[in-house]
2 protein chains.
Amino acid sequence: MNEFDLIRDVFAPLSPSGAPAFSLKDDAAHFTPAPGQTLVITNDMMVEAVHFTGDEPPGRIARKLLRVNLSDLAAKGAKPCGYLLAMAIPASTGKQWLQEFADGLRRDQEGFGCALWGGDSVSTSGPKVFSLTLIGERKEGAGVHRGGAKAGDKLYVTGTIGDAALGLKILRGEIAGDSSLVARLELPTPRMAFGTGLPDLAHAAIDISDGLLADAGHLARESHVRIDIQASEVPLSPAAERAIAGNSELLLSALTGGDDYELLVTVPEKNVVALTEFAEETATPLTAIGDVRDGSGVCLLDDQGRSMDYKRAGFEHFQE
Amino acid sequence: MNEFDLIRDVFAPLSPSGAPAFSLKDDAAHFTPAPGQTLVITNDMMVEAVHFTGDEPPGRIARKLLRVNLSDLAAKGAKPCGYLLAMAIPASTGKQWLQEFADGLRRDQEGFGCALWGGDSVSTSGPKVFSLTLIGERKEGAGVHRGGAKAGDKLYVTGTIGDAALGLKILRGEIAGDSSLVARLELPTPRMAFGTGLPDLAHAAIDISDGLLADAGHLARESHVRIDIQASEVPLSPAAERAIAGNSELLLSALTGGDDYELLVTVPEKNVVALTEFAEETATPLTAIGDVRDGSGVCLLDDQGRSMDYKRAGFEHFQE
């Protein structure tokens, strides 16, 4: 189908008929944030055979694309408003595939409260490539960044770590394990509600996409601090515990694997109670896993306080 | 080179050290438009072997990518602020190539007054794919859209039409002609200065990317009007005149070819003088080429007022 039919039939229904996007009838979105709000803008790209196989249900690819962007906003305490979607797709891509992709977007944009504002659709001779730019807003003057961690802060993480990394090993046939681990890889759950509490309570935050240790490294580097993580405190799901079964290599895979889309947060001692309460209010599992110190880098500590080796932690996205 | 080195060494220098992007040290940009300003957000994607061959100087690919987005803002009367760049590139892409690409961005972002705010970089097994999301701002409450044209409006176009389409034919060896035509294809010049006058003076505007007749069709459809274009009034460059040399097929190619990145504008009679004066102030060639009428569709008229056939005008991007 040609670009104009595709937009009109499949994607325009995802766009509001008035501002900011006028059902995609123009080639730009027009948006004025509410008074006192700052825009937060992020972008993530996904490539067939790199970030997804192409054999998944198209709707799930779309939802993961939206959710990895939402997770970036969660780490900033921002609420989503709208997004622009650019896609390079082979001419052979059928309308049914694209409709299912759009249905996935619809489901998640309704669930998370945002809408399609624009984008582009072009043909390619290669793998499908999707680029999504997500626009959110947060209260002005209340940002939370990677670079705000201070020595003395406590380190917290939401949810459980490593499920997605173990899920990938299951998909690849390298280990056995529960399908719940694969599900975490296939469709992450961004921590939107908990994220909104961060600007008031946290010093620094990041969403865990590259892996717990790598993303802790980003926080440490941008904040000019050292981050100590107690390995035994890192929360694992029961399914992850079973899959790891005491194998220290698999534990390291869990801590370095990426695609968790949980939030890693540093919080000053005085706000620990309030943050814990906010986690309860938003039904968000929250676990203290370490401390921010003077220095640099990330130390993974065993129960005797000894620094553990984690040579794989420098990896970027595990699928690249 | 890995993603982190690439961002730090090649792309972070394109980003301001403070807000909104903090030298790309975070994964989102934070931006508050000035009071009374509305954001205008647009996205265009370019794919190797579709929108560029890959053999061009990398800086020129980057500049064209930025400029086709800038042209969308020009049609809205918006000024550019910042952009997010997503790129899917093969692992074999060298640092030199990427540095030249970034140098092209630097040159044009300095020339047009915007900066890199963020983005994503991923690997691909296929052709290079670039997606650029450009954020601009304009005065609140003063939008100009595709859908605002009214019967009685005069139709104007900036610059000259068809140079890029003829340039492509020269590149393909189909015709002979001046290198100036190829240059128009390779590096368009968005009409930023003239665009800023449109919200106050024009009823509707669109930038010509799909071709004069196709984009006039978009205006007609969204505005529920008919647009009459006098074929002999459409401004052609001397080089285009020479290349066409009276060949009516080549003239149609020029009118339907696309990639002009001029502005097509409808203006009420009462604003014609002011618009013409604003064109002079901004050193923008501006030509009256037709009228907006009740009805639907686009009529290309010959000197006797007869409707001409232009079967190719429905084409999308000529390179797709």
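In this predicted model, A:Val157 stands opposite A:Thr287 in S10(A), where strands count as paired if DSSP finds at least two bridges between them. Helices (H or I, at least four residues) and strands (E, at least two) are DSSP runs numbered from the N terminus. Because the model is predicted, local features need pLDDT of at least 70 and side-chain atom pairs count only at pLDDT 80 or more, while totals for chains, interfaces and linings use all residues. Residues are numbered from 1 along each chain as its sequence is written, and chains are lettered from A and ligands numbered from 1 in the order in which they are written.

**The six-stranded sheet of chain A**

- S6(A) and S10(A) run antiparallel and are joined by five bridges.
- These strands belong to an open sheet of six strands with mixed pairing, in the order S7-S9-S6-S10-S8-S11 of chain A.
- S7 (204-207) and S11 (297-301) of chain A stand at the edges with a single partner strand each, so one side of each has no neighbour in the sheet.
- From one strand to the next, the twist averages 25 degrees; axes are lines fitted to C-alpha atoms, for helices over the stretch in contact, and angles run from 0 to 180 degrees between N-to-C directions.
- H2(A) packs on this sheet by touching S7 and S9 of chain A, and its direction makes about 175 degrees with that of S7(A); contact requires that the C-beta atoms of two residues, placed from the backbone, lie within 7 Å.

- A second open sheet, of five strands with mixed pairing, has the order S4(A)-S3(A)-S5(A)-S2(A)-S1(B).
- Its edge strands are S4 of chain A and S1 (29-31) of chain B, each of which pairs on one side only.
- The twist here averages 20 degrees from one strand to the next.
- S3(A) and S4(A) run parallel and are joined by eight bridges; A:Ile89 has A:Ser123 in S4(A) as its bridge partner.
- S1(A) pairs with S2 (residues 37-47) of chain B in the antiparallel sense over three bridges, and A:Phe31 stands opposite B:Leu39 in S2(B).

**Contact between chains A and B**

- Chain A and chain B each give 50 residues to the contact.
- On the side of chain A that touches chain B, S1 (29-31), S2 (37-47), H2, S3 (79-89), S4 (115-123) and S5 each supply at least two residues.
- The largest share of that side, nine residues, comes from S2(A).
- The residues of that side of chain A divide into 20 nonpolar, 17 polar and 13 charged; Ala, Val, Leu, Ile, Met, Phe, Trp, Tyr, Cys and Pro count as nonpolar, Asp, Glu, Lys and Arg as charged, and the others, Gly among them, as polar.

**Domains of chain A**

- Chain A is divided into domain 1 (3-139) and domain 2 (146-314), with bounds that come from an automatic or database domain assignment.
- The domain centres, taken over C-alpha atoms, are separated by 28 Å.
- Domain 1 gives 15 residues to the contact and domain 2 gives 16 residues.
- On the domain 1 side, the elements giving two or more residues are H2 (58-75) and S5 (129-139) of chain A.
- H2(A) gives the most to that side, with ten residues.
- The domain 1 side divides into five nonpolar, two polar and eight charged residues.

- The buried residues of H10(A) pack against H4 (163-171), H8 (212-223) and H9 (238-244) of chain A.
- Just after H10(A), A:Gly258 takes a positive phi of about 90 degrees.
- In H11 (residues 272-281) of chain A, A:Leu275, A:Phe278 and A:Ala279 are buried.
- Seen down the axis of H11(A), its buried residues fall within an arc of 105 degrees, so they line one face of the helix; the arc is that of the directions from the helix axis to the C-beta atoms.
- A:Val273, A:Glu277, A:Glu280 and A:Glu281 are exposed on the other side of H11(A).
- A:Ala283, which follows H11(A), has a positive phi near 55 degrees.

**B:Asp294**

- B:Asp294 is found in the loop between S10 (286-293) and S11 (297-301) of chain B.
- B:Asp294 is exposed, with 10 other C-beta atoms within 10 Å.
- Leaving aside neighbours within four places in sequence, B:Asp294 is in contact with B:Ala151, B:Val225 and B:Arg226.

Technical notes:
Buried ≥ 20, exposed ≤ 12 C-beta atoms within 10 Å, placed from the backbone.
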